[in-house]
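The points take the contact between two chains and then one residue.

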Amino acid sequence: MAPRFQGIDFYDGDSLLSEEERAVRDTVRDWVEDELMPVIAEHYLEGKFPRELVPRMAELGFFGANLPEEYGCAGLNNVAYGLIMQELERGDSGVRSFASVQGALVMYPIYAFGSEEQKKRYLPALASGELIGCFGLTEPDYGSNPGGMITVARETADGWVLNGAKMWITNGSTAQLAIVWAKTGPIEDVSSIRGFIVPTDAKGFTAKDQKGKLSLRASDTSELVLEDVHVGKDALLPRSGGIKSPLMCLTQARYGIAWGAIGAAMACYDEAVSYAKNRVMFGKPIGAFQIQQVRLAEMLTEITKAQLLCLQLGRLKDRGTVTPQQVSLAKRNNVDMATECAREARRLLGANGILAEYQAMRHLANLESVYTYEGTHDVHSLILGQEITGLSAFG
Amino acid sequence: MKIAVCIKRVPDSETRVKVANDGRSLDEAGVKFILNPYDEFAVEEALRRKEAAGAGEVAVIAVGTAASQETIRTALAMGADRGVLLQADAVPADGLAVARALAAELQDGGYDLILCGKMAIDDQSYQVGPMLAERLGLPCVTAVTTLSLEGGKGVAEREIEGGVEVVEFPLPAVVTADKGLNEPRYPALKGIMAAKKKPLAVKPFDGGTVGVAVTGMGLPAERQEGRIVGEGAAAVPELVRLLREEAKVL
């Protein structure tokens with residue numbers, strides 16, 4: 001049996017964490033080791049989200065853990081929240097994506113833009129896993145440019161009617177409710193974008209699983225179609241307004257992704273180190289060859305840098321001074337470094353590296369999605385470019 | 001149901017340990033410490049008893065350095081109600097001193113049940129539970145894998161050589177937990193947050209005269225490399241001779 005995952009901590013980062021941050025991390029780490037690792041490869045191969053794990057994740061408090069206790073959440077700080085994402089993605093990016101969407105893209109907008117009544121009605125049920133949510137922003141023709149969306153919501157006497165299509169929606173077919181972003185004014189009016197809580201069993205709402213994915217296979221990715229979907233007045237998130245609202249949600253999710261990527265990278269590095277010490281070729285362990293040592297040294301260096309980056313990012317977020325651009329830098333850097341770690345680990349593992357029995361290629365395939373979603377690597381470059389120069393390179 | 005659980009902070013069994021420069025203690029640098037796994041069974045059992053009864057209190061008591069507060073909070077995060085640390089500069093090697101201090105803390109507490117792990121995975125003395133029972137004048141059942149309590153009476157199963165022993169005892173009693181008693185829960189995130197607000201009393205440790213001291217500590221000798229005595233059937237007589245005369249396993 002492989003030894004339990006101990007984490008990678010070359011710079012004694014643990015000493016920078018509080019006792020409860022470490023305790024939270026250890027609970028998630030143990031859960032991933034005991035309950036996710038034994039089943040993940042099989043779910044990945046079958047292309048199935050391990051939905052049966054949701055009640056345990058909810059019970060332990062993994063969803064919306066940085067939201068207040070009065071809404072049934074754990075009330076953790078953002079560093080502890082980040083550590084949850086790190087440990088979940090040590091298991092699988094798809095499982096971390098589930099938790100990211102539930103917490104940062106469904107619970108957060110209800111918390112930030114919802115009425116008190118909406119918060120009381122939905123947040124405890126989402127925290128307990130009784131309800132599963134999804135987030136509909138991206139459309140078939142509007143990915144990096146969400147402001148161009150063509151989904152519309154028209155006000156009627158008793159509520160709203162929504163029409164449009166959303167794509168690449170994590171949890172889309174699993175969810176009971178969708179946070180749907182739509183324009184309430186003319187199609188060119190980006191400021192008319194509002195958020196709606198739409199029950200997925202509403203008439204005219206369909207979700208279709210997107211087939212043929214070679215990445216995030218243990219995650220539900222769906223297309224949503226809204227055809228004259230009627231919802232009540234209370235479906236509108238009253239304090240949402242303009243493209244800024246969904247982007248605020250994305251900043252929350254991207255923050256978690258920056259941490260999550262470290263988890264995937266640590267898993268790959270850990271596996272590579274163990275393999276390098278045990279696999280014998282030309283009469284000695286392959287870890288004794290310089291080329292593999294360089295690979296491992298690079299991985300450890302990049303993981304250590306990413307850890308320190310995220311820890312400070314989390315402290316800034318807890319202080320309330322973090323900027324979306326700082327989150328962009330971390331998402332961009334960490335996902336890129338994790339993808340590189342996964343690729344190098346896969347190569348170090350030789351032919352074994354292509355098997356689902358090992359983790360590297362599953363992580364590598366997953367991370368290609370993570371590289372692309374929640375603001376592609378390139379879009380984050382442009383966000384930083386604009387921050388540096390004051391000049392927009394979009395469009 | 002009022003239950004006390006005695007717990008200890010120990011090095012993680014997956015940590016590689018080093019002997020400190022004094023040659024008789026552990027170098028704690030870089031060592032991860034955990035709640036002693038057998039004590040974890042005891043904590044879990046206490047929580048289940050309280051939950052089944054629908055009322056009661058679970059108190060956890062540790063003898064240890066200030067760092068043991070973290071271990072106590074792990075138990076509080078699992079669901080225990082309050083903690084007591086009997087703070088010492090170091091845990092004495094004398095189990096009797098530890099048992100005396102625990103007994104003094106527990107004797108007037110009115111506990112229906114006192115649970116301990118059957119042993120601590122660091123010093124493996126197996127002493128504290130039975131000695132504590134002796135000091136309190138209570139029956140003691142060690143290494144329990146199944147426990148049921150009813151009407152002021154307990155029935156426990158213990159694994160013995162080649163079988164199972166069933167014992168009966170009156171409450172209150174001291175019961176030490178073995179692996180298999182239950183599957184301990186993870187501290188839930190809400191529990192971790194709640195633990196910060198639960199009472200944790202720190203009192204000075206007083207174990208009386210300490211009768212045992214550790215004078216040396218060493219790591220086991222490195223295993224010798226294997227050796228090949230020959231090949232094929234021709235090597236068998238020599239192999240058998242070495243197994244008999246040198247290794248003395250035949």
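1. Buried area is the accessible area (1.4 Å probe) that two parts lose on being put together, summed over both. By that definition, chain B and chain A bury about 1600 Å² between them, with 55% of it on carbon and sulfur atoms.

2. This is a predicted model, in which local features need pLDDT of at least 70 and side-chain atom pairs count only at pLDDT 80 or more, while totals for chains, interfaces and linings use all residues. Residues are numbered from 1 along each chain as its sequence is written, chains are lettered from A in the order in which they are written, and side-chain values use heavy atoms, with hydrogens and water left out.

3. Chain A gives 27 residues to the contact and chain B gives 14 residues; contact means heavy atoms within 4.5 Å.

4. Five salt bridges are counted between chain B and chain A, each a side-chain nitrogen of Lys or Arg within 4 Å of a carboxyl oxygen of Asp or Glu. One of them joins A:Glu20 to B:Lys196, whose closest N and O atoms are 2.8 Å apart.

5. A:Met248 lies in helix H6 (residues 244-278) of chain A; helices are DSSP runs (H or I, at least four residues), numbered from the N terminus. With a relative accessible area of 29%, A:Met248 is partly exposed, since buried means under 20%, exposed over 50%, and partly exposed in between (1.4 Å probe, protein chains only). Leaving aside neighbours within four places in sequence, A:Met248 is in contact with A:Tyr108 and A:Phe113.

Terms used:
Helix = DSSP H or I, 4+ residues; strand = E, 2+ residues; numbered from the N terminus.
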